[in-house]
Amino acid sequence: MTTTNAPTLSDPRDPYKRLKTTRSNYELYGWVFMRASGVILLVLIFGHLFVNLMVGDGVHAIDFAFVGGKWTSPFWQVWDLLMLWLAMMHGTNGVRTIINDYAERPLVRLWLKIFLYAAFVIVTVLGTLVIFTFTPCPLGAPADLLPSICFK
Amino acid sequence: MPSAPAGTLYRGREGMWSWVAHRVTGVLIFFFLLVHVLDTALVRVSPEAYNAVIGTYQTTIMGLGEAGLVAAIVFHAFNGIRIILVDFWAKGPKYQRTMLWIVVGLFVVTMAGFLPRHLMNVFGGGN
């Protein structure tokens with residue numbers, strides 16, 4: 001025979017005691033970030049689309065010389081850098097939310113998030129390096145492909 | 001946790017469908033963003049490599065894809081402002097349905113400004 005202990009009932013008035021605090025404000029900050037970055041991204045991306053697709057010959061005008069001409073100006077470097085970082089963080093956090101909502105098996109969630117965060121790091125680092133190490137007039141490139149600033 | 005909810009949590013109508021559209025457009029834009037950073041990174045390889053890849057963006061089919069992308073961005077942007085107003089404006093939840101129709105109206109106006117210009121560039125006599 002096993003000894004049976006009488007079940008213990010805690011005092012109903014006893015306040016519930018948490019062993020440790022599991023809450024942090026991480027999700028709150030994420031929620032605020034989505035709204036704040038969203039407003040800034042609206043301005044940055046609408047400006048980006050207007051300059052690249054509406055002005056002049058639109059998408060037909062985009063080539064190496066066009067991008068080179070834009071990135072000789074610190075204004076567009078900062079614009080594109082801000083757009084890159086905010087859009088990547090906004091998009092990554094959005095997809096993280098969607099994974100949390102729909103992927104139920106722990107291993108699937110884990111791997112989807114590993115792919116997501118890896119894509120975030122690779123694309124954000126690569127984009128940042130391109131904006132800052134870009135040379136508008138590479139040596140030996142055909143002259144007719146280069147922006148006009150190379151010939152001043 | 002059941003794999004599917006026994007009853008549906010989803011209430012349909014404007015509130016749910018705008019939420020669905022916000023998710024779908026958000027995911028589409030995110031995947032384009034990943035590709036777009038990679039294609040732009042080709043400026044670091046050589047002018048020829050960049051021009052070759054960006055040239056494929058200037059075909060008719062991609063031109064129509066760009067129109068769809070801009071439509072997704074415009075909806076996501078305006079509906080995002082609506083979400084912020086639902087969250088922070090005291091009367092936001094009361095007027096969420098009205099605000100969705102304002103979003104749709106602004107979307108139509110913005111696309112009416114963009115599409116003719118873009119389609120002229122895509123189908124027009126340009127290079």
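**Note on the salt bridges**

1. Arg13(B), Glu14(B) and Arg97(B) are joined in a salt-bridge network. The model is a predicted one. Arg13(B) has a relative accessibility of 52% and counts as exposed, whereas Glu14(B), at 13%, counts as buried.

2. Over all chains, the structure holds five salt bridges. Side chains of opposite charge can pair when their charged atoms come close.

3. One of the bridges lies within chain A, between Arg96(A) and Glu27(A), with 3.1 Å between the closest N and O atoms. This pair links distant parts of the chain: Arg96(A) belongs to helix H3 (residues 74-102) and Glu27(A) to helix H1 (residues 26-54), 69 residues apart. Arg96(A) is buried because its relative accessibility of 7% falls under the 20% cut-off. Glu27(A), at 47% relative accessibility, counts as partly exposed.

4. Another bridge is formed by the side chains of Asp101(A) and Arg23(B), at 2.5 Å from N to O. Asp101(A) sits in helix H3 of chain A and Arg23(B) in helix H1 (residues 13-40) of chain B, so this pair joins two chains. The relative accessible area of Asp101(A) is 41%, which makes Asp101(A) partly exposed; that of Arg23(B) is 15%, and Arg23(B) is buried.

Conventions. Residues are numbered from 1 along each chain as its sequence is written. Chains are lettered from A and ligands numbered from 1 in the order in which they are written. This is a predicted model: local features need pLDDT of at least 70, side-chain atom pairs count only at pLDDT 80 or more; totals for chains, interfaces and linings use all residues. Side-chain values use heavy atoms; hydrogens and water are left out. A salt bridge is a side-chain nitrogen of Lys or Arg within 4 Å of a carboxyl oxygen of Asp or Glu. Helices (H or I, at least four residues) and strands (E, at least two) are DSSP runs, numbered from the N terminus. Buried means under 20% relative accessible area, exposed over 50%, partly exposed in between (1.4 Å probe, protein chains only).
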